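Keep the sequence and the 3D view side by side.

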Amino acid sequence: MNIPETGSAAPGGITRLRARVRDRWDELSASERGVAQYLVSAPAEQVMFASAQQLGSATGTSNATVVRALQRLGYAGLPALKRELAADFAATEAPDVRLAKRIAHVGKDLYKICDEVFDEAGERIDQCRRLAETESLARAVTVLAEAREVFCYGVAACEPAARHLARALGRIGRRARFVGDTGFTLADPMLWLGQGDTVVIFQPGRPLSELTLLVERARAVGAKVVFVTDALSEAFGDRVDAVLLAPDTPTGNTNEALTGLIVADILLLALTTLDETSAVEHSHQLNALREQLLAPGEQRVRRS
């Protein structure tokens, strides 16, 4: 086995990848070894922007073989490997440089652009499904169902998922509010957090100082915490009631909130089934209020 000692990325993700390949080489099948050899030999940037199907073609295998090889190497999937490689570039290159490289890789071919976005979105969703743990989801649904009020926290790219969860919870008859404050202004919503409440935090990887303070405040007042994340599961796992994994974007080609929105929808549907009568009644009231807000003669578009 010949594993090169140099690469296009700084020590970090690529170094860990090579170490895993050395340690687990004997456990890999012939086709999986071909995938592993390619991953440690190709430029890290090339791997970071490749789909599982493209890696399968490059190694003469298949996308399923690529995924199996990565799992044998200890990765949850291709997005997990890409995230580690992307962290190397984030630590050594300015955001504008990374953006320029991403643009150069994709080019101006609209069909290629579509493929890049659909491929990454599909990979993230597939990994999100594989990482979904019934026990963690059950704990999250329980604390949400018992909550007096749900505080849905998300900032920047995570804001859409938090807003969506807060709004949809209200539509099925559960008290919820969106919180997106940072810094000094976060003190105001934290003041209203109390015993019996639940905080749902959407944050894939950035260890914001606000997260620690929000979790500590929840614990101090007797509130529960559900954390929807990717890289922060170990950092907060022993301090919250449930961790739900939502794989982050390794390249920036898809929105951070993509898998967070999916996790939110899983929670919402589960909560809806727990009290179907209340959900239906609140849906009826919502539609009645919408009817009153329509201008005379305006046609109503039915929504679910």
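The structure holds eleven salt bridges. It is a predicted model, and every distance below is computed from it. Side chains of opposite charge can pair when their charged atoms come close.

Start with E84. E84 forms a salt bridge with R20, and the closest N and O atoms are 4.0 Å apart. This pair links distant parts of the chain. E84 sits in helix α6 (residues 78-92), R20 in helix α1, and 64 residues separate them. How covered are the two partners? E84 counts as buried because its relative accessibility is 15%. R20, at 22%, counts as partly exposed. The cut-off for buried is under 20% relative accessible area. Salt bridges that share partners join R16, R20 and E84 into one network.

G12 also belongs in this picture. G12 lies in the segment before α1 (13-24). G12 is buried, with a relative accessible area of 14%. In sequence, G12 and E84 are 72 residues apart, yet their C-alpha atoms are 7.5 Å apart in space.

Helix α6 takes part in another charged pair. The side chains of E123 and K82 meet in a salt bridge, 3.3 Å from N to O. E123 lies in helix α8 and K82 in helix α6, so the pair ties together parts that are 41 residues apart in sequence. Both ends are covered. E123 is buried, with a relative accessible area of 11%. K82 is buried too, at 3% relative accessibility.

R206 and E256 meet through their side chains in a salt bridge of 2.8 Å, N to O. R206 is in the loop between β3 and α12 (209-221). E256 is in the loop between β5 and α14, and the two residues are 50 positions apart. R206 counts as partly exposed, at 46% relative accessibility. E256 is buried, with a relative accessible area of 15%.

Step back to the whole chain. The protein has 15 helices and five strands. Of its 304 residues, 41% are buried. Consider the contacts with a separation of 6 or more: 72% of them involve residues 24 or more positions apart. The protein exposes about 16,000 Å², and carbon and sulfur atoms supply 54% of that area.

What lies in the interior? The largest nonpolar core has 31 residues. Within this core, L165, L169, V200, F202, L244 and L267 touch the most other members. Several elements each supply at least two residues: α9 (134-145), β1, α10, β3, β4 (224-229), β5 (242-245) and α14. A second, separate core holds 27 residues, including A44, F49, Y75 and A86.

Take L244 as one example from the largest core. Which residues does L244 contact, leaving aside its neighbours within four places in sequence? Its partners are S136, L137, A140, V226, F227, V228, T229, V263 and L267.

The length of α10 can be checked.

After α10 comes G173, with a positive phi near 90 degrees. A156 has a positive phi of about 55 degrees although it is not a glycine. A156 is exposed, with a relative accessible area of 65%.

L110, I113 and V117 make a nonpolar surface patch of about 240 Å². L110 is found in helix α8 (residues 110-131), the helix that also carries E123. Is L110 buried or exposed? L110 counts as exposed, because its relative accessibility is 58%.

Key. Residues are numbered from 1 along each chain as its sequence is written. This is a predicted model: local features need pLDDT of at least 70, side-chain atom pairs count only at pLDDT 80 or more; totals for chains, interfaces and linings use all residues. Side-chain values use heavy atoms; hydrogens and water are left out. Patches are made of residues with over 30% relative accessible area and no salt bridge: like charges are joined within 9 Å, nonpolar side chains (Val, Leu, Ile, Met, Phe, Trp, Tyr) within 5 Å. Accessible areas come from the Shrake-Rupley method with a 1.4 Å probe; for residues, only the protein chains shown count as cover. Helices (H or I, at least four residues) and strands (E, at least two) are DSSP runs, numbered from the N terminus. Buried means under 20% relative accessible area, exposed over 50%, partly exposed in between (1.4 Å probe, protein chains only). A nonpolar core is a set of buried Ala, Val, Leu, Ile, Met, Phe, Trp, Tyr and Cys residues joined through side-chain atoms within 4.5 Å. Contact means heavy atoms within 4.5 Å.
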